[in-house]
Amino acid sequence: MTIFEKIINGEIPCYKIYEDEKTFAFLDINPETTGHTLVVPKTPVDKLYDLKDEDYLALFTTVKKVMQRMETVFGSRALLKVVGTDVPHAHVHVTHLDPSWEYGKSLTLSPEEMQSIADRLKF
Ligand code: AMP
């Protein structure tokens with residue numbers, strides 16, 4: 001079982017942003033920007049193209065909503081990234097054009113700051 005399945009099942013805590021029947025979104029614990037969110041399908045496949053079309057569409061429908069929410073909350077353009085070399089459970093990174101962003105660096109935020117960001121982003 002991947003760490004993201006454990007998060008979806010509630011076995012590992014997370015800063016949750018959104019959930020529906022097919023998808024789940026939560027803050028990345030090593031945020032590249034404020035509000036760095038991971039959107040994952042509930043179906044545990046490794047790569048995005050392993051998803052059935054309906055699950056792929058559901059994932060990107062949630063990605064679209066998270067991007068809109070990110071732009072509303074932070075007032076800057078949302079960005080997408082797909083890597084997947086660390087966790088073999090398909091996921092899309094949603095960040096935004098944050099002036100504090102530095103290549104390869106992650107922000108150090110306290111649990112209170114992470115929770116406060118999650119509270120602002122959640123929908
Ligand atoms: P990648 O597989 O390269 O796209 O990276 C996986 C991402 O998952 C990294 O940005 C990690 O910081 C993030 N990550 C790993 N474990 C957790 C966790 N328990 N909660 C939130 N994010 C996580």
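Start at the ligand: 16 residues surround it, and the closest are D28, N30, D86, H91 and H93. A residue counts as near if one of its heavy atoms lies within 4 Å of the molecule. This is a predicted model, where local features need pLDDT of at least 70, side-chain atom pairs count only at pLDDT 80 or more, and totals for chains, interfaces and linings use all residues. Residues are numbered from 1 along each chain as its sequence is written, and side-chain values use heavy atoms, with hydrogens and water left out.

Select D28. An N or O atom of its side chain is 2.5 Å from a ligand oxygen. Next, H91: here the side-chain N or O atom is 2.6 Å from an oxygen of the ligand. At V87, a polar backbone atom is 3.0 Å from a ligand oxygen. Of the 510 Å² of accessible area that the ligand has on its own, the protein covers 86% (Shrake-Rupley method, 1.4 Å probe).

Now show the sheet. Five strands form an open sheet in the order β1-β2-β3-β5-β4, with antiparallel pairing. Pairing requires at least two DSSP bridges between two strands. Strands (E, at least two residues) and helices (H or I, at least four) are DSSP runs, numbered from the N terminus.

Pick β4 and β5 (residues 92-96). They pair in the antiparallel sense over four bridges. Find K81: its bridge partner in β5 is H93.

Select helix α2, residues 53-74. It packs on the sheet, touching β1, β2 (23-27), β3 (37-41), β4 and β5; contact means heavy atoms within 4.5 Å. The direction of α2 makes about 15° with that of β5.

Last stop: where do the axes of α2 and α3 cross, and at what angle? They come within 9 Å and cross at roughly 110°. Axes are lines fitted to C-alpha atoms, for helices over the stretch in contact, and angles run from 0 to 180 degrees between N-to-C directions. The two helices are therefore roughly perpendicular (65 to 115 degrees). Select R69, M70, V73 and F74 of α2 with I117, R120 and L121 of α3 to see the contact.

Definitions and conventions. Polar contact = N/O pair within 3.5 Å; in protein donor to acceptor, adjacent residues only side chain to side chain. Parallel < 35°, antiparallel > 145°, perpendicular 65-115°, else oblique.
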